[in-house]
Amino acid sequence: MKPKQNSKPYIVFDTNALISAAILPNSASRKAFTLASQKFQLVSSKAILDELVGVIERPHLDKYFSAGNTRFSFLMLIAQLSENVDTHSIITDCRDPDDNKILELAVDVNAKIIVCGDNDLLVLNPYRDIEILRPHEFLVRFSL
């Protein structure tokens, strides 16, 4: 699916930031995710969602989920708040090939920001006029 014409700028979260948001309700990642959902249009792709599902189901994360904070409820929140977009770019600029999917999505939708904690992406900041920010940097910049 192509991105919709939207009045809000697009923003991409990497998998690690999303996992932190899911498992740590008071973390900078969760606060950045919440703020981003108000001021930006969250966007994702099949590749990113597949990776998120694979990571969030890992047994070592069991201790972070309870009846009120389930994996499913967080994945549903992502589905409700994110626009899912098919990517077409092929990018090989990141030193970690797994992170190229983040760049591909951001480029394809003309995202303004990537939120991540991944040094392999952060060293590329800015990437094709897309800012790459840590969650706490995003909060400082966009909080009232």
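Predicted model: local features only at pLDDT ≥ 70, side-chain atom pairs only at ≥ 80, totals over all residues.
Strand 1 (residues 10–13) is joined to strand 2 by 2 bridges, and the two run parallel. Within this pairing, Tyr 10 stands opposite Gln 41 of strand 2, while Ile 11 stands opposite Leu 42 of strand 2. Strand 1 also pairs with strand 4 in the parallel sense, here over 3 bridges, and in that pairing Val 12 has Ile 114 of strand 4 opposite to it. Strand 2, for its part, pairs with strand 3 (residues 82–84) over 3 bridges, again in the parallel sense, and the bridge partner of Val 43 in strand 3 is Glu 83.

The strand pairs described here can be set side by side.

| Strand pair | Bridges | Facing residues |
|---|---|---|
| Strand 1 and strand 2 | 2 bridges | Tyr 10 and Gln 41 |
| Strand 1 and strand 4 | 3 bridges | Val 12 and Ile 114 |
| Strand 2 and strand 3 | 3 bridges | Val 43 and Glu 83 |

**How the sheet is covered**

Are the residues on the two faces of strand 1 buried or exposed? Tyr 10 and Val 12 on one side, and Ile 11 and Phe 13 on the other, are all buried, and both faces of strand 1 are therefore covered. Strand 2 (residues 41–44) is likewise covered on both faces, with Gln 41 and Val 43 buried on one side and Leu 42 and Ser 44 buried on the other.

Gln 80, which lies in helix 4, counts as exposed, because its relative accessibility is 59% and the cut-off for exposed is over 50%. Between Gln 80 and Phe 13 there are 67 residues of separation in sequence and 15 Å in space, taken from C-alpha to C-alpha.

**Helix 1 and its surroundings**

Helix 1 (residues 15–23) is mostly covered, with 7 of its 9 residues buried. These buried residues are Thr 15, Ala 17, Leu 18, Ile 19, Ala 21, Ala 22 and Ile 23. They pack against strand 1, helix 2 (28–39), helix 3 (46–56), helix 4 (71–81), helix 5 (100–108) and strand 4 (113–115).

Thr 15, placed in helix 1, is counted as buried because its relative accessible area is 5%, and buried means under 20%. Which residues does Thr 15 contact, leaving aside its neighbours within four places in sequence? They are Ile 48, Glu 51, Leu 52, Val 55 and Ile 102.

**An exposed loop residue**

Ile 90 belongs to the loop between strand 3 and helix 5. With a relative accessible area of 76%, Ile 90 is exposed, because that value lies over 50%. Ile 90 and Leu 105 are 15 residues apart in sequence, and their C-alpha atoms are 9.7 Å apart in space.

**Space left inside**

Rolling a probe the size of a water molecule over the atoms shows where empty space is left. How many cavities of 30 Å³ or more are counted in this model? The count comes to 1 cavity, and the largest cavity holds about 60 Å³ of space. Its lining is made up of Phe 13, Leu 18, Phe 33, Leu 42, Val 43, Ser 44, Ile 48, Ile 78 and Ser 82. Strand 2 gives the most to this lining, with 3 residues. Sorted by class, the lining of the largest cavity has 7 nonpolar and 2 polar residues, and no charged residues.

Phe 13 and Leu 42, both in the lining of the largest cavity, are buried residues of strand 1 and strand 2 respectively. Leu 18, also in the lining, is one of the buried residues of helix 1, and Ile 48, another lining residue, is among the contacts of Thr 15.

Conventions. Residues numbered from 1 in each chain as written. Heavy atoms only, no water. Buried < 20%, exposed > 50% of the residue type's maximum accessible area, 1.4 Å probe, protein only. Helix = DSSP H or I, 4+ residues; strand = E, 2+ residues; numbered from the N terminus. Pairing = 2+ DSSP bridges. 1 Å grid on protein atoms, 1.4 Å probe; cavity = no way out; pocket = protein on both sides within 12 Å on 5 of 7 lines; lining within 4 Å. Points joined across faces, edges and corners; volume = space filled by probe spheres on them. Nonpolar A, V, L, I, M, F, W, Y, C, P; charged D, E, K, R; others polar. Contact = heavy atoms within 4.5 Å.
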